[in-house]
Amino acid sequence: MDTNNWRPGQAEPAMDTADWRTQWPLDYRLRIVNKMLDELDTLMRHLPVSGQEGWNELRKIAVRFEEKIYTGATSQSDYLRKISLKMLTMETKAQTAMANNLPSNSAENL
């Protein structure tokens, strides 16, 4: 997984001392995206995704999602809360999908 090329968008907010983004080191955003990609990698093992092409698409989605949350967040805690909630939702949906795809242990299958 090569995320070294990814850099935060060029449309950074104006340097306003009241804006939380001016206090947030850019490498934190990269670490957040990498964490999301680690989680997605784990989830991909259980979901039907078409190889490298599927992984690249998930990576683009993660980057776009992070950009959207970063731009719309009102504070660092709001940013982290929204990212965390989305990751939890994705994990829950993946676990539900995996459970639904498991064969039943009923007597009919014996």
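How many helices and how many strands are there in the chain? There are three helices and zero strands, where helices (H or I, at least four residues) and strands (E, at least two) are DSSP runs, numbered from the N terminus. Read from the N terminus on, the elements follow the order α-α-α. The model is a predicted one, in which local features need pLDDT of at least 70 and side-chain atom pairs count only at pLDDT 80 or more, while totals for chains, interfaces and linings use all residues. Residues are numbered from 1 along each chain as its sequence is written, and side-chain values use heavy atoms, with hydrogens and water left out.

Two values describe the chain as a whole. Of its 110 residues, 29% count as buried; buried means under 20% relative accessible area, exposed means over 50%, and partly exposed lies in between (1.4 Å probe, protein chains only). The other value concerns contacts, a contact being heavy atoms within 4.5 Å. Among the contacts in the chain with a separation of 6 or more, 59% are between residues 24 or more positions apart.

The packing of two helices may be considered next. Helix α2 covers residues 51-72 and helix α3 covers residues 76-101, and the two pack at an angle of about 145 degrees with their axes 9 Å apart. Axes here are lines fitted to C-alpha atoms, for helices over the stretch in contact, and angles run from 0 to 180 degrees between N-to-C directions. The crossing of α2 past α3 is right-handed: a crossing is right-handed if the near helix is turned clockwise from the far one by less than a right angle, and left-handed if anticlockwise. On the side of α2, the contact is made by F65, E66, I69, Y70 and G72, and on the side of α3 by D78, Y79, K82, I83 and K86. By class, this contact of α2 with α3 has five nonpolar, one polar and four charged residues. In this classification Ala, Val, Leu, Ile, Met, Phe, Trp, Tyr, Cys and Pro count as nonpolar, Asp, Glu, Lys and Arg as charged, and the others, Gly among them, as polar.

In soluble globular proteins, nonpolar side chains tend to be buried together. A nonpolar core is a set of buried Ala, Val, Leu, Ile, Met, Phe, Trp, Tyr and Cys residues joined through side-chain atoms within 4.5 Å. The largest such core in this model has 18 residues, of which W20, M36, L37, L40, Y79 and I83 touch the most other members. Helices α1 (26-44), α2 and α3 each supply at least two residues of this core, and the largest share, seven residues, comes from α2.

Leaving aside neighbours within four places in sequence, W20 is in contact with Y70, A73, T74, S75, Q76 and Y79. M36 lies in helix α1 and is buried, with a relative accessible area of 4%. The C-alpha atoms of M36 and R59, which are 23 residues apart along the chain, are separated by 8.9 Å.

Charged side chains also pair with one another. The structure holds five salt bridges, a salt bridge being a side-chain nitrogen of Lys or Arg within 4 Å of a carboxyl oxygen of Asp or Glu. One of them joins R21 and D19 (2.8 Å, N to O), and both of these residues are buried. Another joins E67 and R29, with the closest N and O atoms 3.2 Å apart. Because E67 lies in helix α2 and R29 in helix α1, this pair ties together parts that are 38 residues apart in sequence. E67 is partly exposed, at a relative accessible area of 22%, whereas R29 counts as buried at 0%.

A further salt bridge joins D78 and R81 (2.8 Å, N to O). Both residues lie in helix α3, three residues apart, which is about one turn of the helix. D78 is buried, with a relative accessible area of 10%, and R81 is partly exposed at 43%. Salt bridges that share partners also join R29, E66 and E67 into one network. Not counting residues up to four places away in sequence, D78 touches G72 and A73.

Finally, K68 has its place in helix α2 and is exposed, with a relative accessible area of 65%.
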